[in-house]
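My notes follow in the order I looked things up.

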Amino acid sequence: MNNIEAKYKDLKLQIKQCIISSLELEDIKPENIIDSEPLFGTGLGLDSIDALELGVALKKKFGVKFNAESAETKQHFASVDALAAYISSEQAKGN
């Protein structure tokens, strides 16, 4: 695993930990969350209130902003993979 892959894997772990702590999912461990699995509906089963809380937590932790009115935001919250891609692209821009 190269340095970029290691950083990306670490980012996904941090996102999972953020999901668990911000939403108080005490019975779920990071390894129980599948990177490509949907976070809402059939996957992890989160709802719109969870999305708001998670958005705030991710903003605090990673310094990224989400536009609640944007259709793209829904895509960013599709899975851990999607969140990691968004956060890493925003961090690369320096936002």
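The entries below start with the ground rules and then go from the whole chain to single residues.

**Ground rules.** I am working from a predicted model, in which local features need pLDDT of at least 70, side-chain atom pairs count only at pLDDT 80 or more, and totals for chains, interfaces and linings use all residues. Residues are numbered from 1 along each chain as its sequence is written, and side-chain values use heavy atoms, with hydrogens and water left out.

**Whole chain.** I counted four helices and zero strands, taking helices (H or I, at least four residues) and strands (E, at least two) as DSSP runs numbered from the N terminus. The order from the N terminus is α-α-α-α. I then checked the overall dimensions. The C-alpha trace spans about 35 × 30 × 20 Å along its principal axes. For 95 residues a compact globule would have a radius of gyration near 12 Å, and the 13 Å of the protein agrees with that. That radius is taken over C-alpha atoms, and the globule rule is 2.2 Å times the number of residues to the power 0.38.

**Surface and contacts.** I found 33% of the 95 residues buried; buried means under 20% relative accessible area, exposed over 50%, and partly exposed in between (1.4 Å probe, protein chains only). The protein exposes about 6,100 Å², with carbon and sulfur atoms supplying 52% of it; the areas come from the Shrake-Rupley method with a 1.4 Å probe, and for residues only the protein chains shown count as cover. Of the contacts (heavy atoms within 4.5 Å) with a separation of 6 or more, 53% are between residues 24 or more positions apart.

**Helix α4.** I looked at residues 80-93 next. The 14 residues of α4 should span 20 Å at 1.5 Å a residue, and its end C-alpha atoms are 20 Å apart, which agrees. The expected span is 1.5 Å times one less than the number of residues. Its buried residues are Val-80, Ala-82, Leu-83, Ala-84, Tyr-86, Ile-87 and Glu-90. Their cover includes α1 (3-22), α2 (48-62) and α3 (71-76). At the N-terminal end Ser-79 is the cap, with a side-chain oxygen 3.4 Å from the backbone nitrogen of Asp-81. After α4 comes Gly-94, with a positive phi near 85°.

**Lys-12.** Which residues does Lys-12 touch, not counting those up to four places away in sequence? I listed Asp-35, Val-80, Asp-81 and Ala-84. Lys-12 lies in helix α1 and counts as buried, at 15% relative accessibility.

**Salt bridges.** My search of the whole structure gave four salt bridges, each a side-chain nitrogen of Lys or Arg within 4 Å of a carboxyl oxygen of Asp or Glu. Asp-35 and Lys-12 form one of them, at 3.2 Å, N to O. Asp-35 is in the loop between α1 and α2 and Lys-12 in helix α1, so this pair ties together parts 23 residues apart in sequence. Lys-12 also bridges to Asp-81, with the closest N and O atoms 3.0 Å apart. That pair links helix α1 to helix α4 across 69 residues. Asp-35 meets Lys-16 as well, at 2.7 Å, N to O. Lys-16 is in helix α1, so the parts tied together here are 19 residues apart in sequence.

Asp-35 is partly exposed at 22%, Asp-81 is partly exposed at 26%, and Lys-16 is buried at 11%. Lys-12, Lys-16, Asp-35 and Asp-81 are linked in a network of salt bridges.

Key. A polar contact is a pair of N or O atoms within 3.5 Å; within protein, one must be able to donate a hydrogen and the other to accept it, and residues adjacent in sequence count only if both atoms are side-chain atoms.
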